Amino acid sequence: MVQLPIYLDNNATTQCDERVLQEMLPYFTKLYGNAASRTHSPGWLVEEAVENARTKIAELINASAKEIVFTSGATESVNLAIKGVYEMYVSKGNHIITCAVEHKAVLDTCKHLEKIGADITYLPVNSDGTINIDELENHIRPTTILIAIMYANNETGVIHPIQQIAAIARKHAVLFFSDAAQAAGKIPVDVMKDDVSLLSLSAHKIYGPKGVGVLYVRRKDPRARITAQMDGGGHENNMRSGTINVPGIVGFGKACELCMHEMNDEAERLVALRNKLQQELLKLENVGINGNIQHRLPHVTNLSFKGINSGRMITALNKSIAVSSGSACTSALVEPSYVLKAMGLDDATANASLRFGLGRFTTPMEIDYAIMVISEYLKTVKSNLPAFI
Ligand SMILES: *Cc1c(COP(=O)(O)O)cnc(C)c1O
């Protein structure tokens, strides 16, 4: 039997893999040193574990270990990247290009910078959630210092044309930051091939612990420079002060190692399960896919159920399936998803949409069960129309 509720909200967070947890445990008790303590063996032992983890994380994205800065999560990494670049380069220019469907961490950081003098362009997206690459280039000006476009969207799974964006950034000598919290560990991300200057990652999106993240900061060709946003002991090469989260980092390293080895098989398995879920639900009346289906993460589908209120549906089904209508950070509000609205969906359709995020622990039986409960719900609601919606 399946265990209820079936968890289909892996874009919000993932279960920590048991293998990750086991790797972390000794670093809470026996190996409790401070990685910054250079004068004794408890410190050295821990420093070595941290450097091992740094290497594994770097390997996942083909970076060098020296380019990895530990943070408390992708939100902090995003803040450090965008604010750090802005402060460092503001004498050169104050213009940043981002896009309308970015995570709130990016959008709110940009809003903050607008208040202190930044000029931000929010690129619109097409109806399938993709950006228009020519439009991006047309917005570049002499004062542009940064392009901030996410690798893959957290609500639709749509993957942006990272290498094309990078080529434009390079042509105009502008830095390129990509929030890869949803992409790294799920699809190949290669900072050299993709030619990004800065990249953010989060452990809890890839079966690691919550509260630890990374900012990749390119060291050469060209070097990306940022100012620290946290002042203190000068940890992390003066880019992020504060005693680092050793167990979290060790777990993050293990999580990356597992993704390296298992990503391809896992993606293949999840595409099949995701497609099955999607196909079966599309057979029902008035169901449509939101977002480009060619360039999409393997484990995600965002569906609209026209005529249904997805908030009510989530609540009605929450003993059976755990899903959400959008990003975890905003789903407490009943407002329609700004990502779907940016794609041109009207309020009613945006409010009829659900995001399904499958994961490492999703089983075929769970998908069958989810298809069944959703189909039954839709049947019941529609037979009670119009009283029910
Ligand atoms: C989850 C997520 C974040 C925030 O990551 P935290 O580690 O939870 O701070 C940022 N961007 C995207 C695209 C995400 O999916």
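Predicted model: local features only at pLDDT ≥ 70, side-chain atom pairs only at ≥ 80, totals over all residues.
1. Pro-5 lies in the segment before β1 (6–7), where strands are DSSP runs of E of at least two residues and helices are runs of H or I of at least four residues, both numbered from the N terminus. The peptide bond that leads from Leu-4 to Pro-5 is cis, with omega near -5°.

2. Residues are numbered from 1 along each chain as its sequence is written, and side-chain values use heavy atoms, with hydrogens and water left out.

3. Asp-195, although not a glycine, has a positive phi of about 55°; the residue is found in the loop between β6 and β7, and at 17% relative accessibility Asp-195 counts as buried. The cut-offs are under 20% relative accessible area for buried, over 50% for exposed and in between for partly exposed, with a 1.4 Å probe and protein chains only. Asn-237, also a residue other than glycine, has a positive phi near 60°, but Asn-237 lies in helix α7 and counts as exposed at 53% relative accessibility.

4. The loop between β6 (175–179) and β7 (198–202) also holds Ser-197, which counts as buried because its relative accessibility is 7%. Leaving out residues up to four places away in sequence, Ser-197 touches Leu-175, Phe-176, Tyr-216, Val-217, Arg-218 and Ala-224, contact being defined as heavy atoms within 4.5 Å.

5. Thr-143 is placed in the loop between α5 (133–138) and β5 (144–148), and its relative accessibility of 30% makes Thr-143 partly exposed. Apart from neighbours within four places in sequence, the residues in contact with Thr-143 are Lys-92, Gly-93, Asn-94 and His-95. For Lys-92, which is 51 residues apart from Thr-143 along the chain, the separation of the two C-alpha atoms is 6.6 Å.

6. Which residues surround the ligand? They are Gly-73, Ala-74, Thr-75, His-103, Met-150, Asn-154, Asp-179, Ala-181, Gln-182, Ser-202, His-204 and Lys-205, a residue being included if one of its heavy atoms lies within 4 Å of the ligand. This shell divides into three nonpolar, seven polar and two charged residues, on a scheme in which Ala, Val, Leu, Ile, Met, Phe, Trp, Tyr, Cys and Pro count as nonpolar, Asp, Glu, Lys and Arg as charged, and the others, Gly among them, as polar.

7. A backbone N or O atom of Ala-74 lies 2.9 Å from a ligand oxygen, an N or O atom in the side chain of Gln-182 is 2.7 Å from a ligand oxygen, and a polar side-chain atom of Ser-202 lies 2.7 Å from an oxygen atom of the ligand. Taken alone the ligand exposes 380 Å², of which the protein buries 87%; these areas come from the Shrake-Rupley method with a 1.4 Å probe.

8. Helix α9 (residues 310–317) has Ser-310, Met-313, Ile-314 and Leu-317 as its buried residues. These lie on the same side of α9 because they cover an arc of only 100° around the axis, the arc being that of the directions from the helix axis to the C-beta atoms. The cover over them includes β10 (300–305), β11 (321–322), β12 (353–357) and α12 (364–383), whereas the face turned away from the buried side carries the exposed residues Thr-315 and Ala-316. At the N-terminal end, Asn-309 caps α9 through a side-chain oxygen that lies 2.9 Å from the backbone nitrogen of Gly-311.

9. Finally, Leu-281 has its place in helix α8 (residues 246–282) and is buried, with a relative accessible area of 0%. Not counting residues up to four places away in sequence, Leu-281 touches Val-287, Leu-303, Phe-305, Phe-356, Ile-371, Ile-374 and Ser-375.

Notes:
Polar contact = N/O pair within 3.5 Å; in protein donor to acceptor, adjacent residues only side chain to side chain.
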